[in-house]
Amino acid sequence: MSYTDDVLAVVEKRNQSQPEFLQAVKEVLESLGPVIDKHPEYREEGILERIVEPERQIIFRVPWIDDEGNTQVNRAFRVEFNSAIGPYKGGLRFHPSVYIGIIKFLGFEQVFKNALTGLPMGGGKGGSDFDPKGKSDREVMRFCYSFMSELFRHIGPDTDVPAGDIGVGGREIGYLFGQYKKIRNHFVGVLTGKGLNWGGSLIRTEATGYGCVYFTEEMLKTQGKDFKGKEVIVSGSGNVAIYATEKIYQLGGKVIAMCDSSGFIHDPDGVNLDTVREIKEVRRGRIKEYLEKHSSAKYGEKFSDIWKIKCDIALPSATQNEIDKESAESLVSNGCIAVGEGANMPCTPEATDVFIKAKVLYGPGKAANAGGVSTSGLEMSQNSLRLSWSRKEVDEKLHNIMINIHDACLKASNECGTPGNYVNGANIAGFKKVAQTMMDHGIYG
Ligand code: NDP
Ligand code: 2IT
């Protein structure tokens, strides 16, 4: 058995009830063969055994009182996965599906993603099975206060810097920051995605969506193509989806479908982003309400049917495993030329295979959605400098980072003998930086 097979067997044995984590680890290890062959010292120093095991996993209780005065208890997590190249960095997810396996898969992906950004950030992830949907602002506030009353002792601007993810946006980051500041009596950049009046960076809100479009644009350029006149499906209607859509319109493309967890809208005239923002950002409503204003649109309740709509480009930006083999096959047979993952691991391994075999330009999440954490890194820099850069400056830096990530992935894909395979490229380019640093720090580092 090869070194990667040996390590995978141990990971499978140890984490049997964590399918998402196993899926993420398997994909990375499968890419690493050529690097491992070139570096026998990685085996001698146990690099793979160490890189698949989080440095620290924190699980804690979050008690809070709802509006009726009832006591509620949620479970929360922070997985500090790898700090070789910088403080742990990665988002917090509040969603009922959250358990340790989801946080570990996200933390593992984050290690390689953050390495790809070129900024000094290690990887971590956290969250809770708390569901913000249907909760009042006061309930969300009380939950966030209680969550931070435990998390504060584990994080810090040079230790571990959380941010948002599904269910955690500006409102939640505000409550979390307020409680951290109060308990520690420190006004520091311990979270990113902060409000613009209190240390946040311009463009952070837009960054993941914009970055995903910038990355996809680079992939298209390799074939002499661009977004102009292209019909695009963007799944989700949250932070990533909304700003990916904004950028697509700026580049001359047309978004024809979006969704939430209840269903999808298909508007052949082009989805009206102002309406979506009003429903989602202002009212926290459901995407179905779009139909009240736009009779050109149709609504479908079966989530996966969104991928049956004919499109040129797909940007899955909702959640993990939202595109399975069948959905991938319908995208390919309908002529889709590029897939850029705004979400983390939105394609099953079988779906990924379909895209790669069909030679669809396929940008995996750890590369294509790295714009969010990159701009978080830029927010950390601005906090350290105690100044803030203009919108233009941050957007240019983000754009350059996405171009660099694209080029690094393409180069690594060529070097390992699978030109244009961005999955191998991203895994190898991210891994090399972390692995070399772990070698530098020694086995106990
Ligand atoms: P939001 O909470 O803002 O939006 C999530 C969107 O996806 C909502 O429309 C939501 O619908 C939908 N969604 C969530 N879970 C499911 C599900 N199980 N089935 C169907 N639809 C679902 O989150 P973000 O936009 O921030 O995150 C979206 C994806 O992007 C995630 O995979 C996240 O990890 C990834 N990502 C986010 C970054 C960021 O900076 N925010 C950075 C990099 C990656 P509903 O409202 O009905 O739940
Ligand atoms: O998945 C991700 O990269 C994020 N949710 C953003 C993390 C961050 O620290 O900005």
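I began at ligand 2 and found a polar side-chain atom of aspartate 165 at 2.9 Å from one of the ligand's nitrogen atoms. I count a polar contact as a pair of N or O atoms within 3.5 Å; within protein, one must be able to donate a hydrogen and the other to accept it, and residues adjacent in sequence count only if both atoms are side-chain atoms. The protein covers 94% of the 290 Å² of accessible area that ligand 2 has on its own. Such areas come from the Shrake-Rupley method with a 1.4 Å probe; for residues, only the protein chains shown count as cover.

The model is predicted: local features need pLDDT of at least 70, side-chain atom pairs count only at pLDDT 80 or more, and totals for chains, interfaces and linings use all residues. Residues are numbered from 1 along each chain as its sequence is written, chains are lettered from A and ligands numbered from 1 in the order in which they are written, and side-chain values use heavy atoms, with hydrogens and water left out.

**Ligand 2, continued**

Lysine 113 places a polar side-chain atom 2.8 Å from an oxygen atom of ligand 2. For glutamine 110 I read 3.0 Å, again from a polar side-chain atom to a ligand oxygen. The shell holds 14 residues, and Lys89, Lys113, Lys125, Asp165 and Ser376 are the closest. A residue is in the shell if one of its heavy atoms lies within 4 Å. Strand 3 (88–94), helix 6 (100–116) and helix 15 (371–385) each give at least two shell residues. I take helices (H or I, at least four residues) and strands (E, at least two) as DSSP runs, numbered from the N terminus.

**Ligand 1**

For lysine 133 the side-chain distance to an oxygen of ligand 1 is 2.9 Å. Valine 240 uses a polar backbone atom, 3.0 Å from a ligand 1 oxygen. Alone, ligand 1 exposes 890 Å², and the protein buries 85% of that. Domain bounds come from an automatic or database domain assignment.

**Domains 1 and 3**

I then checked domain 1 (1–52 + 421–445) against domain 3. Their C-alpha centres are 31 Å apart. Six residues of domain 1 contact 10 of domain 3, with contact meaning heavy atoms within 4.5 Å. About 590 Å² is buried between them, 68% of it from carbon and sulfur atoms. This is the accessible area (1.4 Å probe) that two parts lose on being put together, summed over both. On the domain 1 side, Glu20, Gln23 and Tyr422 lose the most area to domain 3, together 72% of what that side buries.
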